[in-house]
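Welcome! Take a moment to turn the model around on your screen before reading on. Then let us look at a few of its helices together.

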Amino acid sequence: MCSVQGATAAAETDRRDPDHHTSAGPATRPVAESGRNGGRGTGPTRHVSLERARASLPGLVLSAAAAAVAVVAARLLGGISPLLIAILLGAVVANVRTMPTVFEPGVTVASRRLLRIGVALLGLQLLLPNVLALGWGTLAVVAAVVGLGIAGSMVLGRWLGIGWTQRLLIACSFSICGAAAAAAVDGVVNARKRELVTTVALVVVFGTVMIPALPAAAAALGLDSTQAGMWAGAAIHEVAQVVAAGGALDAGSSAAAVGGGALAIAVTVKLARVALLAPVVAWIGVASRRRTAAPTQTKRPPLVPLFLIGFLACVAVRATGVLGPAWLDAARVTQTALLTAAMFALGTGGRLSVLRGVGWRPFALAAGSTIIVVAIALTGVLLVG
């Protein structure tokens with residue numbers, strides 16, 4: 001849900017581009033060909049699906065190869081999460097040279113679908129009593145991070161002289177769930193293409209910096225595994241970045257062997273933030289319509305993301321105790337492989353060229369939003385934990 005490639009792809013299409021609706025991409029073929037087949041469209045639809053699968057194969061192979069390299073490197077280095085290595089590898093690949101277009105479809109699939117499947121499988125590593133043991137206070141922390149994070153970022157952005165749509169994109173993406181939040185908010189406020197691309201790039205840069213920084217800060221502050229996981233889930237922008245930080249926390253702690261450790265807790269808290277995306281975007285849509293008399297076509301996000309349902313289903317399956325240690329170990333290996341591949345794909349979205357020429361104000365707001373969210377989250381964790 002919270003992948004950079006998907007949001008970047010959405011950003012590459014300007015809604016005000018008159019050629020947007022006349023493109024002859026694969027997505028337009030089923031409609032045209034369906035009409036020539038009496039409305040059935042079964043053959044053409046299957047043909048397009050095969051074309052998309054073939055187009056995705058090179059990028060998926062690249063992501064899988066990068067994941068294998070990251071896993072091997074993590075074992076050789078010791079104590080470093082393969083997820084962090086993968087995202088750094090993706091950033092290096094993206095900035096050393098332009099990635100050939102043949103890899104883009106598969107990389108997009110890896111950054112979205114593989115990430116969501118991997119996050120859903122994390123539910124199998126989470127014991128329900130551990131979730132309940134977090135208490136109602138954790139939900140209050142999540143609500144404070146989202147509500148106060150957005151409000152504080154909007155005030156800071158106005159003080160910096162940044163336009164309403166740009167500061168709204170940054171405020172929501174940094175307070176809720178990164179690029180996915182930016183894309184969802186863009187769907188109701190119709191921001192400019194440059195504003196969305198800038199926001200996504202800032203999410204990658206600042207969120208990636210937090211992956212090693214937050215575990216180091218948690219260790220310096222003497223936080224235990226539960227507190228560190230809560231802080232990561234409440235403070236870091238992207239779901240994928242939360243996963244990487246949680247993996248780094250578990251890599252240096254024996255708590256990972258018990259109920260998923262900091263990683264599982266971090267994802268649980270982060271998914272609570274993700275669940276607030278729909279009501280926040282609905283409220284923004286109402287506010288946006290009040291700001292302009294011209295109606296806009298909007299695509300509302302689902303009330304509950306599908307991968308969140310999958311995560312909860314996996315938690316329920318783990319609670320039944322029907323899966324033995326062998327199945328849980330296999331799920332853990334699969335989950336790590338999927339998330340590492342997704343992390344590489346996410347890293348390829350951090351292109352420095354996107355950040356050139358945008359000025360210092362969006363950077364200042366992104367830094368300020370990060371500090372606001374981190375501070376609110378840490379305060380809440382210390383009060384609740």
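An axis here is a line fitted to C-alpha atoms, for helices over the stretch in contact, and angles run from 0 to 180 degrees between N-to-C directions. With that in hand, remember that you are looking at a predicted model. Two packed helices are described by the angle between their axes and the distance between the axes.

**Helix 10 and helix 11**

- The axes of helix 10 and helix 11 (residues 225–235) come within 10 Å, and they cross at roughly 145 degrees.
- This crossing of helix 10 and helix 11 is right-handed.
- On the helix 10 side, the contact is made by Met210, Leu214, Ala217, Ala218 and Leu221. Their partners in helix 11 are Ala228, Trp231, Ala232 and Ala235.
- The residues of this contact between helix 10 and helix 11 divide into 9 nonpolar, no polar and no charged.

**Helix 10 and helix 18**

- Helix 10 (residues 193–221) also packs with helix 18 (residues 361–384), at an angle of about 35 degrees and with the axes 11 Å apart.
- Helix 10 passes helix 18 in a right-handed crossing.
- From helix 10, the residues that take part are Thr198, Leu202, Phe206, Met210 and Leu221. In helix 18 they meet Pro362, Phe363, Ala366, Ala367, Thr370, Val374 and Leu378.
- The contact of helix 10 with helix 18 counts 10 nonpolar residues, 2 polar and no charged.
- An α-helix has 3.6 residues a turn, so residues three or four places apart point the same way.

**Helix 8**

- How far apart are the end C-alpha atoms of helix 8? They are 19 Å apart, which agrees with the 20 Å that the 14 residues of helix 8 (residues 164–177) should span at 1.5 Å a residue.
- Helix 8 is largely enclosed by the rest of the structure, because 14 of its 14 residues are buried.
- Just after helix 8 comes Gly178, which takes a positive phi of about 65 degrees.

- Ser63 sits in helix 3 (residues 42–77). Is Ser63 buried or exposed? Ser63 counts as buried because its relative accessibility is 1%, and buried means under 20%.
- Leaving aside neighbours within four places in sequence, Ser63 is in contact with Val107, Ala110, Ala341, Phe344 and Ala345.
- Phe307 belongs to helix 15 (residues 306–320), and Phe307 is buried, with a relative accessible area of 7%.
- Phe307 and Leu271 are 36 residues apart along the chain, and their C-alpha atoms are separated by 9.6 Å.

Note on methods: Residues numbered from 1 in each chain as written. Predicted model: local features only at pLDDT ≥ 70, side-chain atom pairs only at ≥ 80, totals over all residues. Heavy atoms only, no water. Helix = DSSP H or I, 4+ residues; strand = E, 2+ residues; numbered from the N terminus. Left-handed = near helix turned anticlockwise from the far one by under 90°. Contact = heavy atoms within 4.5 Å. Nonpolar A, V, L, I, M, F, W, Y, C, P; charged D, E, K, R; others polar. Buried < 20%, exposed > 50% of the residue type's maximum accessible area, 1.4 Å probe, protein only. Expected span 1.5 Å × (residues − 1).
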